[in-house]
Amino acid sequence: TQCISGCVCPAGLVLDENGGCIPEEDCPCIHNEAMYQPGEKINVDCNTCVCKNRKWECTEDQCLGTCAVYGDGHYNTFDDKTFSFNGNCEYTLIQDHCGKSGTANGTFRVITENIPCGNTGTTCSKSIKVFLEVRSYELILGEEHVSVVKRGQNDEVPYTVRYMGVYLVIETTSGLILIWDKKTSIFIKLSPAFKGQICGLCGNYDGNGINDFTTRSQSVVENVLEFGNSWKVSSTCPDANSIKDPCSTNPYRKSWSEKKCSIINSNIFAACHSQVEPAKYYQACVTDACACDTGGDCDCFCTAVAAYAQACSEAGVCIAWRTPSICPLFCDYYN
């Protein structure tokens, strides 16, 4: 390897970033544009990677898949396909019975009810229904609590409910975990045993985001409206139509929204920028802050920023972004 000064490193040595010659095993590794020294570890999903001989050596555990739904109809599927869909109806987020008929006779089914959250046609998820064991149990999440309807005779309860800070967590024996902020954010984690066996707005979890727009009739489409409308629970609901950019509809809110949401691109989240691309979260934040024009605008902003913070946390970067003036939490209450 050629040195900056024109010299050549002796055999077995290579250049470092300062132009010096070092053993190859002392070279750093790169991850998301950040440099790590030999022996340093990083977490990639549920796996641990160690820097060794300029390469990452990682464990190969099967990780839980995650689908996120937040704010004004923003979706991030299990296969990391991002889209926005606004419909005023109940929609199937995920189910594990995906025959041609699209009926739900499998182990679980999760339904979200979307309602208008502004005057621009945008909708927010406000209520969630979880059906377990072929409808033996129905869990209804709404008004910040869970109610249960039991229809079967099985005495073994197939789920647990617990609280983690601002989140309510439902964990089922089948491998489904639902995390809800009791407002408009839902995170669904699913065992890799269900890869390729699910359907709904969260996609099919087969490792390929290209075919995530699979309709109830199991046809792959490109149009997000056709895909989303196919997962209506009731055919009597009107089809969702494309929504005009709320910042164009409410131009007086645009500069306020951009200023508030700039926290995502700021130094506060700098440690996360190399781990989770902030652009789509920033744009979703601006859109939501413009759209919530009938009250609750700060709630929409906070939900959008919290969604990015949650994605950072999933990537192993914990950001302390809340302050007494920015989306404060009463920790004594939650603790």
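How many helices and strands are there in the chain? There are seven helices and 19 strands. The model is predicted.

Figure 1. Buried residues make up 47% of the 335 residues. The accessible surface comes to about 16,600 Å². Carbon and sulfur atoms account for 50% of that surface. Contacts between residues at least 6 apart in sequence were also counted. Of these, 48% join residues at least 24 apart.

Figure 2. Helix H3 spans residues 251-261. Arg253, Ser257 and Cys261 are its buried residues. Seen down the axis of H3, they fall within an arc of 55°, so they line one face of the helix. The face turned away from that buried side carries exposed residues. These are Pro251, Tyr252, Ser255 and Lys259.

**Figure 3. Phe83 and Phe213 form an edge-to-face pair.** The count of aromatic pairs in the model comes to 13. In this one, the ring centres of Phe83 and Phe213 lie 5.3 Å apart. Their planes stand at 90°, beyond the 60 degrees cut-off, so the pair is edge-to-face. Phe83 lies in strand S10 (residues 82-84). Phe213 lies in the loop between strand S19 (186-190) and helix H1 (224-230). The pair therefore ties together parts that are 130 residues apart in sequence. Phe83 has 7% relative accessibility and counts as buried. Phe213, at 7% relative accessibility, counts as buried too, because the limit is under 20%.

**Figure 4. Phe269 and Tyr308 form a tilted pair.** The centres of the two rings are 5.2 Å apart. Their planes meet at 55°, so the pair is tilted. Phe269 sits in the loop between H3 and helix H4 (270-273). Tyr308 sits in helix H6 (residues 297-314). The pair therefore ties together parts that are 39 residues apart in sequence. Both Phe269 and Tyr308 are buried.

**Figure 5. Lys81 lies over the face of a ring.** The ring is that of Phe213. Lys81 lies at 4.7 Å from the ring centre. Phe213 is also the partner of Phe83 in the edge-to-face pair.

How values were computed: Residues numbered from 1 in each chain as written. Predicted model: local features only at pLDDT ≥ 70, side-chain atom pairs only at ≥ 80, totals over all residues. Heavy atoms only, no water. Buried < 20%, exposed > 50% of the residue type's maximum accessible area, 1.4 Å probe, protein only. Helix = DSSP H or I, 4+ residues; strand = E, 2+ residues; numbered from the N terminus. Arc of directions from axis to C-beta. Phe/Tyr/Trp six-rings, centres within 6.5 Å; stacked < 30°, edge-to-face > 60°. Lys NZ or Arg CZ within 6 Å of the ring centre and 35° of its normal. Contact = heavy atoms within 4.5 Å. Areas by Shrake-Rupley, 256 points an atom, 1.4 Å probe, with all protein chains shown as cover.
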